[in-house]
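Please go through the structure below one part at a time. The text starts with a pair of helices and then turns to the sheets.

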Amino acid sequence: MNETIAAVATAHGVGSISIIRLSGSGALGLALKLTKITSLIPRYATLTKIYAEGELIDEALLIYFKAPHSFTGEDVVEFQLHGGLVVANLILGELIKNGARLARAGEFSKRALINGKMDFSKIEAINSLINAKSEDSVKIIARTMRGDLAKFANEIRSELVKTLAFVETSIDYADDDLPADLLESISQMLKQNSAKLDKIVAISQSRKGLLEGFKIAIVGKPNVGKSSILNSLLSYERAIISDEAGTTRDSIEEALKIGTHLVRIIDTAGIRKNAGKIEQIGISYSLRAIKEADVILAIFDASQEADEQDNEILELLKRSQKKIFYVLNKCDLGVKFISPENPIKICAKQGTDEIISNLKTYLDAQETSEILLNSTRQISSCEAASEAIKRALNLLAGSELELFAYELNTAIEQISSITKPFERSEILDEMFSNFCLGK
């Protein structure tokens, strides 16, 4: 942590500006050496010449952030150079030659964490924000950056720590029964926190598409127009269209924006009996797509009455428990198919605006102002914390305080992994917090 680190903070390629970030106790000294000036005013942009091996390389802006008021909590200097790899690499090389070290991946954020400038939730949110692919994900991640997730986790953590501190001081007096009203109070608190954790996990899993993009599977038997619908949604000929059954033998996946929502459309192989060996593999992919999709577009030929294959697909969809849009295609040839729900009636050759409109209405309704977990790791931590609390509740009922304390420790460690590591000193702080001044 005593080393001064440096790295290019902008993406590779040609651009108007290239930024080099320098962090550590030697950051200011190195910046002054390369610029041949005597001082930099903190948080002011200073236009200055930059030299390498005594030669003028660039004239650029430097901004100095004095510790602890910086991203990493250390002295930080940012060089805003003219864009391009050559200039940036020259300056970076000169900084390294004069004592800086090339930063490792994520090292600036790691220092921010160690120095208490950010917690785990914000660190993960920054990475998610950089890789965000939709407006939905940006809005959700912004709430995490604002500290909503950290506040949620810390409130639960605080209540669990207080309970653990009380129980650990009571273990020495295990022969004395804890008051019934106190046991009930602890029990209710644990039940409420377990319910909160279960709720945020359920919401986050059901709204996963807002962060990662909703997965929409197009399913149906062969020759009902699935590939035509895909091509119409994408506005170009992505899939081969043929009257021959089994033309689509593999899943085709493409990204598309519907309103502000990123979706992944999957055109699957037609589901039918008596398919060939290769086609059967494609059908297995179709069944997997139904299982993994957030939304299903079930396509049927409106001009034909339902046959055995249609009925089998309808039964399969009933068991999927996913949001299903029933689509009757080829309506220009007349409607003979009876759909189990109010279907979307279209002719793919004339467009799929009706499908897009229905999808947009549904996806808009999925937007939420509630806190969401941003990663699988956070979901796993909350699930593990809730399970530990439930085990602790059962142990509390039997007055098994040592085992109860163990499970509560587990829950605290799991919930703490979302924000900051749990330290045993927090238990001591809580134990002595009610002592009078001077004791």
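The axes of helix H13 (residues 376-397) and helix H14 (residues 401-416) come within 8 Å and cross at roughly 165°. Axes here are lines fitted to C-alpha atoms, for helices over the stretch in contact, and angles run from 0 to 180 degrees between N-to-C directions. H13 and H14 are therefore roughly antiparallel to each other, a label for angles over 145 degrees. The contact (heavy atoms within 4.5 Å) involves residues of H13 including Ala385, Ala388 and Leu395, and residues of H14 including Leu401, Phe404 and Leu408. By type, the residues of this contact divide into 14 nonpolar, three polar and two charged. Ala, Val, Leu, Ile, Met, Phe, Trp, Tyr, Cys and Pro count as nonpolar, Asp, Glu, Lys and Arg as charged, and the others, Gly among them, as polar.

The model is predicted: local features need pLDDT of at least 70, side-chain atom pairs count only at pLDDT 80 or more, and totals for chains, interfaces and linings use all residues. Residues are numbered from 1 along each chain as its sequence is written, and side-chain values use heavy atoms, with hydrogens and water left out.

Helices (H or I, at least four residues) and strands (E, at least two) are DSSP runs numbered from the N terminus, and two strands pair if DSSP finds at least two bridges between them.

Strand S3 (residues 45-52) pairs with strand S4 (residues 55-65) in the antiparallel sense over eight bridges, and Ala52 stands opposite Glu55 in S4. Two residues lie between the strands of this hairpin, and Glu53 takes a positive phi near 55° there. S4 is also joined to strand S5 (residues 76-82), antiparallel, by five bridges; Ile63 has Glu78 in S5 as its bridge partner. On S5 there is also strand S2 (residues 17-23), paired in the antiparallel sense over seven bridges. In that pairing, Arg21 stands opposite Glu78 in S5.

Another open sheet has six strands in the order S8-S9-S7-S10-S11-S12, and its pairing is mixed. Strands S8 (252-258) and S12 (344-345) stand at the edges with a single partner strand each, so one side of each is left without a neighbour in the sheet. Strand S10 (residues 295-301) and strand S11 (residues 323-329) pair in the parallel sense over seven bridges. Ile296 has Ile324 in S11 as its bridge partner.

Conventions. Angles under 35 degrees count as roughly parallel, over 145 as roughly antiparallel, 65 to 115 as roughly perpendicular and the rest as oblique.
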